[in-house]
Structure formats: structure tokens, C-alpha cells
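Here is a quick walk through one protein model, written for someone who likes cut-offs spelled out. Have the viewer open while you read.

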Amino acid sequence: MSETELQTPVFEFTGKRLCLDFANTVNNRIGNPRELLNSYDDLLTWSQEAQILIEQEVEALRERARQHPGAAAEVLTRAVAVREAIYAIFATRAHEVTPASSDVDKLNTELTRANTQMCLVPEQDGFTWNWADKEQALDAMLWPVVRSAADVLTSEELQDVRVCASDDCGWVFLDTSKNHSRRWCDMKGCGNRAKARKQYSQKKQAS
Ligand SMILES: [Zn+2]
């Protein structure tokens, strides 16, 4: 997406996987990049909208960040760094290029941290994975994000991760279309603009 005029970040979730939506927290990646995660609070807002933290957890972390602003700022720096690594890995893979080992290292470092927080929770019919100390750890939102990246990278879905065909967007998404032909991050935004441009140039050529 390329709405640059908005001041409050408006997050969009068109990537179809959590890690891809996280990678898309920069608008106009190729044209004129605009950072959407400018504060730890933005990161919390995104996490709630992405449904990886509930309101109660967000409130607890917001309070913790107020008490430990330095630590919250460090988490934001780590979040942006691992997001860029995730983006670079998927974007290079989409172009069938081997990702830089420094990016894979960054993701692995965060994965190691996330793995120490994984725990099993008994349910009626079995067990599910969950995360320990979600309300205590300022970096709790990074755990499901890096786990999601690892899951996609080690699955057949990786073949269907694409970069938006728009000139300036650069967003990544999982192509879940039946004939594997989705080209834009979303049809309403980039898809429509591309269609409008095509119609405009066809009209111009015709006249
Ligand atoms: Zn796009």
C-alpha cells in the first residue's frame, strides 16, 4: 500500500501469514519507504490488531514499557531488525536468490529466544503450544512472529510467497489463489491502481 499522507499507522493484514504481515509494516518499500513502527506503542498496536496479544496483555506490556522505557526501545530496535531480516529472506527467496546468512543469523537469534518461551498447555482433547510469561516480557510479540517465519520457511508454502508486482509497494504475501497467479498484495489497493494505470494508458494510446 502507498498511503503516505496518514499520520497514525494504519496496519493492513493482507500477507496471509503473520510473519508476512509483520514484514509489511513499512509502506512503499521500494518507492519511498515509510516506517509504520515508530514506537514501542506502535508495536503493541500492531500486535493487538494481528491478534497475537489480547487487550489485557497489551495493557500489561504498556505499563511495563512505561516503567522500563530503555528496555522497550531496545525491543523496538530488535523488532525492526528481525522484521528487515524476515523481509529480506522472503523477498530474496521469492526471486529465487539465496538469502544473506546475516539475515538468517538474525532470525535464528530471535528464534532461539522464542523457543525458550514455548510451553505446552493441556486442553480437553490434547495439548496446544503457548508462550510463557507473555504479560511480563516486552518482546512477547516477537515470539509468534519468528515462529511463523520459521514455519513458512520450512513448509511448501515458501514456493508461494511473492513480492507485490506494484512498482513501489514491495509487500510480501502468500499466494493462496487456486491457479497461483496472484500478483498484488491486495486487489483493492495495488491491484486496482495497476488496473487503473493500464486502462489509462490504453485509453491514451487509443486516442
Ligand atoms: Zn502492493
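## Ground rules

This is a predicted model, where local features need pLDDT of at least 70, side-chain atom pairs count only at pLDDT 80 or more, and totals for chains, interfaces and linings use all residues. Numbering runs from 1 along each chain as its sequence is written, and side-chain values use heavy atoms, with hydrogens and water left out.

## The zinc site

Start with the metal. The zinc ion is coordinated by the SG atoms of C164, C169, C185 and C190, at 2.3 to 2.4 Å. Donors here are N, O and S atoms within 2.8 Å of the metal (3.2 Å for Na, K and Ca), and water is not among the atoms, so sites may look incomplete. What geometry do the 4 donor atoms around the zinc ion make? They subtend angles of 103 to 120°, so the arrangement is tetrahedral. That label asks for four donors with all angles between 85 and 135 degrees. For reference, the ideal angle for four tetrahedral donors is 109.5 degrees.

Along the sequence, the donor residues of the zinc ion follow the spacing C-x4-C-x15-C-x4-C. Helices (H or I, at least four residues) and strands (E, at least two) are DSSP runs, numbered from the N terminus. C164 counts as buried because its relative accessibility is 4%, and C190 is buried too, at 1%. Buried means under 20% relative accessible area, exposed over 50%, and partly exposed in between (1.4 Å probe, protein chains only).

Helix α3 (residues 55-67) has 13 residues and reaches 19 Å from its first C-alpha to its last, close to the 18 Å expected at 1.5 Å a residue. The expected span is 1.5 Å times one less than the number of residues. Its buried residues are E57, V58, L61 and A65. Seen down the axis of α3, these fall within an arc of 95°, so they line one face of the helix. The arc is that of the directions from the helix axis to the C-beta atoms. On the face turned away from that buried side, α3 carries the exposed residues E55, Q56, R66 and Q67.

What do the buried residues of α3 pack against? Their partners are α2 (40-49) and α4 (69-94), with contact meaning heavy atoms within 4.5 Å. Helix α2 has its own buried set, made up of Y40, D42, L43, L44, W46 and S47. Those residues pack against α1, α3, α4 and α6 (142-153).

β3 and strand β4 (residues 127-131) pair in the antiparallel sense over 5 bridges. For two strands to count as paired, DSSP has to find at least two bridges between them. The two form a hairpin with 4 residues between them. P122 has F127 in β4 as its bridge partner, and L120 stands opposite W129 in β4.

Q117 lies in the loop between α5 (101-115) and β3 (118-122). With a relative accessible area of 18%, Q117 is buried. Not counting residues up to four places away in sequence, Q117 touches N130, W131, A132, D133 and W143.

If you check the backbone torsions, K16 has a positive phi of about 75° although it is not a glycine. K16 lies in the segment before α1 (18-23) and is partly exposed, with a relative accessible area of 45%. Just after α2, Q51 takes a positive phi of about 65°. E96, in the loop between α4 and α5, has a positive phi near 55° and is likewise a residue other than glycine. At 73% relative accessibility, E96 counts as exposed.

A94 is in helix α4 and is partly exposed, at 28% relative accessible area. Leaving aside neighbours within four places in sequence, A94 is in contact with V161, R162 and V163. The C-alpha atoms of A94 and N27 are separated by 19 Å, with the two residues 67 apart along the chain.

How values were computed
Tetrahedral: all angles 85-135°; square planar, octahedral: opposite > 155°, others 65-115°.
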